[in-house]
Amino acid sequence: MDIESLSNIKCDHEECIDLVKEFSKKYKKEHYHMLGPSVANSINRYISVICYSSDYLNGFCLMCDEINPIKLTIYLESINEYKVDGDILLIYVSYQLKKRINEFYKELKKGIYSVGVVHLKNTKDKSEYIKKCDDRINSGLKLIRA
């Protein structure tokens, strides 16, 4: 995924949280089985790359709570990587983002600014990343319960 594609799936973190809540609450274990382990693991890797790989993008940092699950699903469908029902894909993407966001927020509450530490080691604009983390801490982090 290049910077332009990432920019297209970016949204503010309040919008992301609202969308993730809306769609992840529909998740059931059957969705995983409908996708199959191969597709589910591929989606998980895709989300990891987006959340934790900023160095190759010259410092562009997209936090896990800035990913619009609808736009990410549309992107995944557009690259023809996944031949599955779009609604199931959206629900699964939202569920995985919820897990990432909750993990990230738990770490921020402990004062750990990066779950994978990748951001702070590789992001060229560390101050922007740290400011975003501080903003989230100061706004009162709440785990997504859906």
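The side chains of Glu66 and Lys132 form a salt bridge, with 3.2 Å between N and O. Glu66 sits in the loop between H4 and H5 and Lys132 in helix H8, so this pair ties together parts of the chain that are 66 residues apart in sequence. The model described here is predicted. In it, Glu66 counts as buried at 6% relative accessibility, and Lys132 is buried as well, with a relative accessible area of 11%.

Glu66 has another partner in Arg136: the closest N and O atoms of this salt bridge are 3.4 Å apart.

Asp65 lies in the loop between helix H4 (37-52) and helix H5 (69-78), and Arg136 in helix H8 (residues 126-138), so the pair joins parts that are 71 residues apart in sequence. Asp65 is buried, with a relative accessible area of 0%, and Arg136 counts as buried at 4% relative accessibility. Together, Asp65, Glu66, Lys132 and Arg136 are linked in a network of salt bridges. The count of salt bridges comes to five.

## Cysteines

Cys64 counts as buried at 5% relative accessibility, and Cys133 counts as buried at 0%. A search of the whole structure finds zero disulfides.

## Helix H6

Helix H6 (residues 86-109) has 24 residues, which at 1.5 Å a residue should span 34 Å; its end C-alpha atoms are 34 Å apart, in agreement with that value. The expected span is 1.5 Å times one less than the number of residues. H6 is mostly covered, with 17 of its 24 residues buried.

At the start of H6, a side-chain oxygen of Asp85 comes to within 2.9 Å of the backbone nitrogen of Asp87. Just after the helix, Gly111 takes a positive phi of about 90°.

## Aromatic contacts

The search of the whole structure finds five aromatic pairs. One of them is formed by Tyr27 and Tyr92, which are tilted, with 6.1 Å from centre to centre and 55° between the planes. This pair links distant parts of the chain: Tyr27 is in the loop between H2 and helix H3 (29-35), and Tyr92 is in helix H6, 65 residues apart. Tyr27 counts as buried at 18% relative accessibility, and Tyr92 is buried with a relative accessible area of 2%.

Tyr92 also pairs with Tyr32, again in a tilted arrangement, with 6.5 Å between the centres and 45° between the planes. Tyr32 lies in helix H3 and Tyr92 in helix H6, so the contact ties together parts that are 60 residues apart in sequence. At 26% relative accessibility, Tyr32 counts as partly exposed. Its value is above the cut-off for buried residues, which is under 20%, and does not reach the range for exposed residues, which is over 50%. Tyr27, Tyr32, Tyr92 and Tyr95 form one aromatic cluster.

## Leu6 in helix H1

Leu6 has its place in helix H1 (residues 3-9). Leu6 is buried, with a relative accessible area of 1%. Leu6 and Lys71 are 65 residues apart in sequence, while their C-alpha atoms are 9.8 Å apart in space.

## Confidence of the prediction

The mean pLDDT of the protein is 85, and 84% of its residues reach 70 or more. Confidence is highest in helix H2 (residues 13-24), at a mean of 96, and lowest in helix H7 (residues 118-122), at 53.

Conventions
Residues are numbered from 1 along each chain as its sequence is written. This is a predicted model: local features need pLDDT of at least 70, side-chain atom pairs count only at pLDDT 80 or more; totals for chains, interfaces and linings use all residues. Side-chain values use heavy atoms; hydrogens and water are left out. Helices (H or I, at least four residues) and strands (E, at least two) are DSSP runs, numbered from the N terminus. Buried means under 20% relative accessible area, exposed over 50%, partly exposed in between (1.4 Å probe, protein chains only). A salt bridge is a side-chain nitrogen of Lys or Arg within 4 Å of a carboxyl oxygen of Asp or Glu. A polar contact is a pair of N or O atoms within 3.5 Å; within protein, one must be able to donate a hydrogen and the other to accept it, and residues adjacent in sequence count only if both atoms are side-chain atoms. A disulfide is a pair of cysteine sulfur atoms within 2.5 Å. pLDDT is the predictor's confidence in each residue, from 0 to 100. Rings of Phe, Tyr and Trp (its six-membered ring) pair if their centres lie within 6.5 Å; planes under 30 degrees apart count as stacked, over 60 as edge-to-face and the rest as tilted.
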